[in-house]
Each structure stands twice: as structure tokens, then as C-alpha cells.
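This briefing is meant for a reader meeting the structure for the first time.

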Amino acid sequence: MPGNTANVRRGRKYDQVLEGAREIFLRDGFEGASVDEIARAAGVSKATLYSYFPDKRLLFMEMATAQCEAQGAEVLVALDRDKPPRVVLPYIGRGVLDFLLSDLGQKVFRICAAEADRFPELGAQFYECGPLLVRRELHSYLAAAMARGEVEIDDLGLAAEQFIELCKADLWIKRLFGIRDQFAEDEITRVIEAAVDTFMARFGPS
């Protein structure tokens with residue numbers, strides 16, 4: 001594909017092209033994904049694909065953005081910011097961990113990591129549309145909880161980051177390195193409950 005940064009064009013077959021791109025990128029990686037295969041999977045001509053996405057990086061970033069935003073929206077749409085941390089934090093933690101352990105989350109992460117040196121914008125885009133979105137929402141929730149006297153936090157941004165990291169304990173690293181690809185419900189629950197307990201022990205009201 002041409003190496004320019006022209007804007008993505010939206011149109012009738014936009015979603016169709018993205019779905020084909022998702023299939024091929026997640027199967028073959030960024031470097032291994034060919035325009036021919038993406039067009040074939042999308043059921044469009046190469047000319048049509050080029051007309052929507054003149055740059056392969058744009059196509060990948062648009063695909064990753066759409067998937068991450070959909071995943072984040074699914075978690076955040078049902079988030080009740082008026083409920084206490086002992087209710088909200090397990091919900092957020094579970095949403096985060098489910099995505100991190102999913103095939104989609106793992107493959108997008110691996111692609112971004114593999115291409116970070118050549119195309120740092122891939123990782124930046126993934127971070128902004130997925131992890132950063134959740135962290136901002138968690139930051140906002142913790143600010144509201146602090147105003148209600150439910151937590152005591154000096155650095156809301158750092159606290160939000162720390163909670164996300166607590167939710168990754170043990171399971172994510174095993175998934176990342178291919179040690180295991182499935183986890184029982186009680187294993188996931190154990191990690192999330194421990195993350196909430198640790199967080200509240202540090203930031204709960206005195």
C-alpha cells in the first residue's frame with residue numbers, strides 16, 4: 001500500500017473492509033497480512049480497499065481502534081459511578097482482565113509490540129483507544145468516590161494505574177508467554193478479589 005497518511009474514507013463497505021482486516025491481521029500479524037488476503041476476506045476488490053485505506057498502518061489502526069473502543073464501551077456503558085468501590089472495582093477489573101486475556105487483546109498487543117520500533121504510532125493508537133480510555137474512566141470514578149469519602153487517594157492517576165496492574169497479576173503474564181491460554185472462573189475471581197482487597201487496604205478510608 002502507498003506509504004502516505006491520507007485520511008480514512010468511510011462509506012458503504014467500510015465495516016466490511018474492517019471485518020476482513022480484523023480476520024487477516026489477527027491471523028497473520030501486521031507484517032504477514034497481505035492486501036490481497038484482506039481484500040479477499042472482506043469480499044471487496046483491492047481498488048475498493050485502497051479507496052478506503054490508502055495506507056496499511058491506517059487500516060490496522062482503524063481496526064484496532066474499533067475493536068478496543070467496542071470492548072471498552074461494553075464495559076463502561078453499564079458502569080454505575082454512584083456505587084461504592086467494593087461494587088465498581090470488581091466490575092472494572094473483570095472487564096480489563098477479560099480483554100487482556102482474550103485472543104483479540106493478546107494478538108493486538110503482540111502486533112503493536114512487534115511493530116513498535118518501526119511504527120510507534122501503532123502502539124500509541126492502541127494505548128489511547130483501549131487502556132487509556134479505561135484508565136481515564138477509572139480515574140474519574142475514583143475522583144467521585146473520593147468526594148463521597150469512600151477512598152483516600154493523593155495521586156488518582158497513579159492509583160488507577162496500580163489497580164489495573166493488580167488485576168494483571170499472575171494470569172496475564174502466563175497468557176502472554178503462552179504458558180496457558182485458558183483460566184478457570186475461580187482463578188480469575190481470585191485475582192480480581194485480591195486486587196480489590198489490596199487496593200482498598202491501601203486507599204480505603206481510615
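A salt bridge here is a side-chain nitrogen of Lys or Arg within 4 Å of a carboxyl oxygen of Asp or Glu. The model is a predicted one, in which local features need pLDDT of at least 70 and side-chain atom pairs count only at pLDDT 80 or more, while totals for chains, interfaces and linings use all residues. Residues are numbered from 1 along each chain as its sequence is written, and side-chain values use heavy atoms, with hydrogens and water left out.

**Salt bridges**

- By this rule, the count of salt bridges comes to 17.
- One of them joins Lys174 to Asp170, with the closest N and O atoms 3.0 Å apart.
- Lys174 is partly exposed at a relative accessible area of 26%, and Asp170 is likewise partly exposed at 34%, where buried means under 20% relative accessible area, exposed over 50% and partly exposed in between (1.4 Å probe, protein chains only).
- Arg27 and Glu37 also meet through their side chains in a salt bridge of 3.3 Å, N to O; Arg27 lies in helix H1 and Glu37 in helix H2, so this pair ties together parts that are 10 residues apart in sequence.
- Helices are DSSP runs of H or I with at least four residues, numbered from the N terminus.
- Glu37 forms a salt bridge with Arg40 as well, at 2.5 Å from N to O, and these two residues both lie in helix H2, 3 residues apart, which is about one turn of the helix.
- Glu37 counts as partly exposed at 27% relative accessibility, whereas Arg40, at 55%, counts as exposed.
- A network of salt bridges links Arg27, Asp28, Glu37 and Arg40.

**Nonpolar cores**

- A nonpolar core is a set of buried Ala, Val, Leu, Ile, Met, Phe, Trp, Tyr and Cys residues joined through side-chain atoms within 4.5 Å.
- The largest such core has 32 residues, of which Phe25, Ile38, Leu49, Leu59 and Phe60 touch the most other members.
- Helix H1 gives the largest share of this core, 8 residues.
- Apart from this core lies another, of 31 residues, including Leu101, Val151, Ile188 and Ile192.

**Helix H5**

- Helix H5, residues 85-101, has 17 residues and reaches 23 Å from its first C-alpha to its last, close to the 24 Å expected at 1.5 Å a residue, the expected span being 1.5 Å times one less than the number of residues.
- Among the buried residues of H5 are Pro85, Val88, Ile92, Phe99 and Leu101.
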